[in-house]
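Here are my notes for your next look at this model. They are meant to be read with the structure open beside them.

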Amino acid sequence: MRLDHVNLRTGRLDKMIRWYGDVVGLVEGWRPPFAFPGAWLYAGDDAVVHLIGVEGAPRTGGDIALEHFALSAGGPADLEAFRHRLSAVGISADERRVPGTDILQLNLHDPDGNHLHVDFRTS
C-alpha cells in the first residue's frame, strides 16, 4: 500500500490551484466530471492533491486531526531547484533535518494554512 492523494476543502479554489502550481510545482490535470467544483493537481502522472471548492473557509490551525502531509521530491539537485522556485515566488520554508537520515524537510503552509513539507534526500 501507499498513500494515493490528499484531499483539501477550500473556499479559495483558484488561489490554491495557483499556489500549488507556482510554489510546489504541481500541475492541474484531468478530473472526473463531479457535480461540485474542484481540481486535481498532479506530480507527473499522479494526482497527489485533490481540491474541493466550498463556500466559506474550512477550519484550519489549532488542534486539528491532520497535522500535515508530505511530498517526496528527489535529491540534492532537486532541492536546489525547489529552493530557487521558492525564492522566485517570495516564499520561505522552515528547513529541518530528520534525525538519523539524509532527509531534509522544507515545511510550508498553503494559503488556507494547511501544513505540508517537501522532502529531499541530501546524499
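1. First, a term: a nonpolar core is a set of buried Ala, Val, Leu, Ile, Met, Phe, Trp, Tyr and Cys residues joined through side-chain atoms within 4.5 Å. Buried means under 20% relative accessible area, exposed over 50%, and partly exposed in between, with a 1.4 Å probe and protein chains only. The largest such core here has 26 residues, among which Tyr20, Val49 and Leu116 touch the most other members. At least two core residues come from each of strand S1 (6-10), helix H1 (13-24), strand S3 (38-43), strand S4 (46-53), strand S5 (69-72), helix H2 (76-88), strand S7 (103-109) and strand S8 (115-121). H1 gives the largest share, seven residues. Helices (H or I, at least four residues) and strands (E, at least two) are DSSP runs, numbered from the N terminus.

2. Two housekeeping remarks. The model is predicted, so please keep in mind that local features need pLDDT of at least 70 and side-chain atom pairs count only at pLDDT 80 or more, while totals for chains, interfaces and linings use all residues. Residues are numbered from 1 along each chain as its sequence is written, and side-chain values use heavy atoms, with hydrogens and water left out.

3. Leu116 deserves a click. Contact means heavy atoms within 4.5 Å. With neighbours within four places in sequence set aside, Leu116 is in contact with Trp19, Tyr20, Val24, Phe69, Leu71, Leu106, Asn107, Leu108 and Asp110.

4. Now one of the sheets. Two strands pair if DSSP finds at least two bridges between them. Four strands make an open sheet in the order S1-S4-S3-S2, and the pairing is mixed. S1 and S2 are the edge strands with a single partner each, so one side of each has no neighbour in the sheet. On average, neighbouring strands of this sheet are turned by 35° against each other, direction ignored. Axes are lines fitted to C-alpha atoms, for helices over the stretch in contact, and angles run from 0 to 180 degrees between N-to-C directions.

5. The pairings can be followed strand by strand. S1 and S4 run parallel and are joined by five bridges; Arg9 stands opposite Ile52 in S4. S3 and S4 run antiparallel with six bridges, and here Ala39 stands opposite Leu51 in S4. Two residues lie between the strands in the hairpin of S3 and S4, where Gly44 takes a positive phi near 65°. Strand S2 (residues 27-29) pairs with S3 in the antiparallel sense over three bridges, with Gly29 opposite Trp40 in S3. Because five of its six residues are buried, S3 is largely enclosed by the rest of the structure.

6. Another open sheet of four strands has the order S5-S8-S7-S6, again with mixed pairing. Which strands are its edge strands? They are S5 and strand S6 (94-97), each pairing on one side only. From one strand to the next, the twist averages 25°. S7 and S8 pair in the antiparallel sense over seven bridges, and Gln105 stands opposite Asp119 in S8. H2 packs on the sheet and touches S6, S7 and S8, its direction making about 20° with that of S7.

7. The side chain of Asn107 makes a polar contact with the side chain of His115 (2.7 Å). A polar contact is a pair of N or O atoms within 3.5 Å; within protein, one must be able to donate a hydrogen and the other to accept it, and residues adjacent in sequence count only if both atoms are side-chain atoms.

8. Finally, the rings. Rings of Phe, Tyr and Trp (its six-membered ring) pair if their centres lie within 6.5 Å; planes under 30 degrees apart count as stacked, over 60 as edge-to-face and the rest as tilted. The whole structure holds five aromatic pairs. Trp19 and Tyr20 are edge-to-face because their planes stand at 80°, with ring centres 4.9 Å apart. Both Trp19 and Tyr20 are buried. Phe34 and Phe36 are stacked, 5.1 Å centre to centre with 15° between the planes. Phe34 counts as partly exposed at 40% relative accessibility, and Phe36 counts as partly exposed at 37%. One aromatic cluster is formed by Trp30, Phe34, Phe36 and Trp40.
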